Amino acid sequence: MTVTPPTAGAETPRRSLRSLRSFRSSRGRETWAGLGMVAPAALLLTLFLIVPVVLAFTLSFTNARLISPNPPRFVGVDNFIRAFTADPLFVQSIGNTAIFALIVVPVQAGLGLALAVLVNRKLRGTTFFRVVFFIPVVTSIVVVSILWKFLYQDDGLINSMIDAVTFGLWSGNDWLNDPSTALGAIIVMSIWQAVGFHMIIWLSGLQTIPEELYEAARMDGASPWRQFTNVTWPGLRPTMVFVLVTITIAALGLFVQIDVMTQGGPQGATSTVVYHAVRKGFGQQEIGYAAAISLIFFVAVLIIALIQRRITREKD
């Protein structure tokens with residue numbers, strides 16, 4: 001009996017079917033492997049970002065309290081109306097936060113850029129100054145706040161230096177207990193603490209600008225100021241956007257310095273939106289009202305970020 005071997009045409013569909021099954025199997029394993037690697041991050045993102053945001057949005061329309069025998073009750077937009085009409089400290093906190101951001105953002109960004117330009121020069125000792133300027137950044141903000149609180153005391157080092165320099169003609173001030181100087185003292189400390197971080201960001205941007213551009217500018221007879229305006233500043237545009245956004249978000253979220261140094265005083269002169277929300281939520285246990293304040297803060301920061309993005313975007 002003669003057995004006819006299978007033809008090549010009959011074998012091709014079987015091979016194609018096996019290849020398709022193998023491809024689907026490998027794609028399935030890759031999919032499950034990818035999901036397995038994404039799962040931890042997705043779980044943490046859900047637990048610590050999505051769930052809190054949804055919960056805060058829900059609680060902002062209730063009168064929920066942190067510890068209360070009564071269940072939360074839906075109150076609509078009463079919490080939002082209360083914030084702007086029946087809570088003068090919240091309105092004052094908005095003003096304090098705005099003043100802090102309007103001063104800190106340009107001063108800190110400009111000072112960081114100036115320091116970056118200085119330490120970017122090829123001179124002896126620049127590495128030492130980079131380390132010195134960056135030390136406050138890696139130091140705990142709580143520790144920095146405690147140290148500056150001692151410096152600002154009535155008998156602290158700052159007033160002692162003022163007394164020595166002026167030969168006793170001016171004895172200084174109780175900086176953190178005076179409503180007219182408390183916020184300014186917080187602003188000075190905050191700029192000093194964080195300017196080193198943005199100096200490093202500016203410095204990284206400066207080092208991405210090709211040296212050939214500066215050489216061409218010098219050959220054309222450009223002065224140092226013209227080199228900065230025509231070469232340095234255009235090359236720093238992406239860095240500028242990042243620096244402005246990060247400083248703005250950090251300034252609007254001011255909390256630790258206030259909590260450690262002044263607790264919102266004196267007379268609400270240093271209270272900020274974030275500190276006011278935390279105090280209402282955990283100090284006075286008004287979780288629903290604190291959630292409403294947080295939602296207002298979130299919307300405000302989002303709007304400011306979008307405005308900044310539109311202003312600083314590159315033109316076609």
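## The main core

The largest nonpolar core has 44 residues, and F100, Y152, I186, W202 and M261 have the most contacts inside it. A nonpolar core here is a set of buried Ala, Val, Leu, Ile, Met, Phe, Trp, Tyr and Cys residues joined through side-chain atoms within 4.5 Å. Buried means under 20% relative accessible area, exposed over 50%, and partly exposed in between (1.4 Å probe, protein chains only). Two or more residues come from each of α3 (88-119), α5 (141-151), α7, α8 (211-219), α10 (237-252) and α11 (256-261). Helix α7 gives the most, with 12 residues. Helices are DSSP runs (H or I, at least four residues), numbered from the N terminus.

## About the model

This is a predicted model: local features need pLDDT of at least 70, side-chain atom pairs count only at pLDDT 80 or more, and totals for chains, interfaces and linings use all residues. Residues are numbered from 1 along each chain as its sequence is written, and side-chain values use heavy atoms, with hydrogens and water left out.

## Helix α7

Helix α7 covers residues 182-206, 25 residues in total. From first C-alpha to last it reaches 36 Å, close to the 36 Å expected at 1.5 Å a residue. The expected span is 1.5 Å times one less than the number of residues. The helix has a kink of about 40 degrees, centred on V195. The bend at a residue is the angle between axes fitted to the seven residues ending there and the seven starting there. In α7, 19 of the 25 residues are buried, so the rest of the structure largely encloses this helix.

What does W202 touch, not counting residues up to four places away in sequence? The list is A109, G112, L113, A116, W233, L236, T239, M240 and V243. Contact means heavy atoms within 4.5 Å.

## Where α9 meets α10

Helix α9 (residues 224-235) packs against α10 at an angle of about 55 degrees, with the axes 5 Å apart. That makes α9 oblique to α10. Axes are lines fitted to C-alpha atoms, for helices over the stretch in contact, and angles run from 0 to 180 degrees between N-to-C directions. Angles under 35 degrees count as roughly parallel, over 145 as roughly antiparallel, 65 to 115 as roughly perpendicular and the rest as oblique. On the α9 side, W233, P234 and G235 meet R237, P238 and M240 of α10.

Q308 sits in helix α13 (residues 287-312). Is Q308 buried or exposed? Its relative accessibility is 18%, so Q308 counts as buried. Leaving aside neighbours within four places in sequence, Q308 is in contact with L244, V245 and T248.

S140 lies in the loop between α4 (126-138) and α5. At 37% relative accessibility, S140 counts as partly exposed. S140 and Q193 are 53 residues apart along the chain, yet their C-alpha atoms are separated by 9.7 Å.

## Backbone details in the loops

The loop between α11 and α12 (273-283) holds P266. A cis peptide bond joins G265 and P266, with omega about -5 degrees. Q267 is in the loop between α11 and α12 too. Q267 is not a glycine, but has a positive phi of about 55 degrees. Its relative accessible area is 71%, so Q267 is exposed.

Q285 is placed in the loop between α12 and α13. Q285 has a positive phi of about 65 degrees, although it is not a glycine. With a relative accessible area of 24%, Q285 is partly exposed.
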